[in-house]
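Good morning, and thank you for making time for this presentation.

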Amino acid sequence: MAVRTLVWRGLDAPRMEIVHVEGPDRARGTQIGVAYELHWNLDGAVLELAVGGGPGIRIELGDADFFDLHHSAFFNSLPVARDGLLREGAAAREYTMRFVRVPELTAEPARQRYEPLGNRVVRYRSGGYQADITFDADGFVTLYQDYLERVG
């Protein structure tokens, strides 16, 4: 796979992210919020992160299904693409994610449900939160309801 560059902007707060995707489990990105700049690198079952010029941390996937990085649409694409949730007749799936809070860089398990609705839309649920997410034909997020939109 050739490197693909994707850019999202926040709809609910000033925020941007640029991601360079090398493959389904290899990517690197930069996330910019009002009070932080985060650099991350996903290499299979390891996610390395650093805020600003501070020290970096390394998080291992462990027994979780996927990583999920706060304020990142890229990580919502991973289960959708791997498990074919955009295919006609795809069933809803539940996952345990290794959720990383930003800018705190703390990781915790989080249960998430992805329910295909058709027309490349998946309903995302975690705890009491719910949003519809629209994807392109390759399984990358184009619109995350009231939260993020892809601009490049």
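**Backbone, core and pockets**

I begin with His71, which counts as buried because its relative accessibility is 15%; buried means under 20% relative accessible area, exposed over 50%, and partly exposed in between, with a 1.4 Å probe and protein chains only. Before going further, I note that this is a predicted model, in which local features need pLDDT of at least 70 and side-chain atom pairs count only at pLDDT 80 or more, while totals for chains, interfaces and linings use all residues. Residues are numbered from 1 along each chain as its sequence is written, and side-chain values use heavy atoms, with hydrogens and water left out.

His71 is not a glycine, yet its phi is positive, about 65°. Most residues other than glycine have a negative phi, and most peptide bonds are trans. The position of His71 is the loop between E7 and H1. Those labels are DSSP runs numbered from the N terminus: helices are H or I with at least four residues, and strands are E with at least two.

Asn119 is another non-glycine residue with a positive phi, about 55°. Is Asn119 buried or exposed? Asn119 counts as exposed, because its relative accessibility is 77%. Asn119 sits in the loop between E9 and E10.

The peptide bond deserves a remark as well. Val102 and Pro103 are joined by a cis peptide bond, with omega about 10°. Pro103 belongs to the loop between E8 and E9, and with a relative accessible area of 38% Pro103 is partly exposed. Leaving out residues up to four places away in sequence, Pro103 touches Tyr36 and Val51, where contact means heavy atoms within 4.5 Å. Leu38 lies 65 residues from Pro103 along the chain, and their C-alpha atoms are separated by 7.5 Å.

Let me turn to the strands. E9 and E10 run antiparallel and are joined by 5 bridges; two strands pair if DSSP finds at least two bridges between them. These strands form a hairpin with 2 residues between them, and the turn holds Asn119. Gly118 stands opposite Val121 of E10. E10 pairs with E11, residues 129–135, in the antiparallel sense over 6 bridges. The hairpin of E10 and E11 also has 2 residues between the strands, and there Gly127 takes a positive phi near 60°.

Next, the helix and the core. Why is H1 described as largely enclosed by the rest of the structure? The reason is that 7 of the 9 residues of H1 are buried. The buried residues of H1 are Phe74, Phe75, Asn76, Ser77, Leu78, Pro79 and Val80. After H1 comes Gly84, with a positive phi near 60°.

The largest nonpolar core has 39 residues, of which Trp40, Leu49, Phe74 and Phe75 touch the most other members. A nonpolar core is a set of buried Ala, Val, Leu, Ile, Met, Phe, Trp, Tyr and Cys residues joined through side-chain atoms within 4.5 Å. H1 gives the most to this core, with 4 residues. Beyond its neighbours within four places in sequence, Phe74 is in contact with Trp8, Glu17, Val19, Val21, Ala27, Trp40, Leu42 and Phe140.

Finally, the pockets. The largest pocket holds about 290 Å³ of space. On a 1 Å grid over the protein atoms alone, a pocket is an open set of points where a 1.4 Å probe fits, with protein on both sides within 12 Å along at least five of seven lines, and lining residues have an atom within 4 Å of a point. Grid points are joined across faces, edges and corners, and a volume is the space filled by probe spheres set on the points.

Of the 16 residues lining the largest pocket, Asp68, His70, Phe99, Tyr124 and Tyr144 are the closest to its centre. E9 supplies the largest share of that lining, 3 residues.

The second largest pocket has a volume of about 190 Å³. Its lining includes Pro24, Asp25, Leu42, Phe67 and Leu78. H1 gives the most to this lining, with 3 residues.
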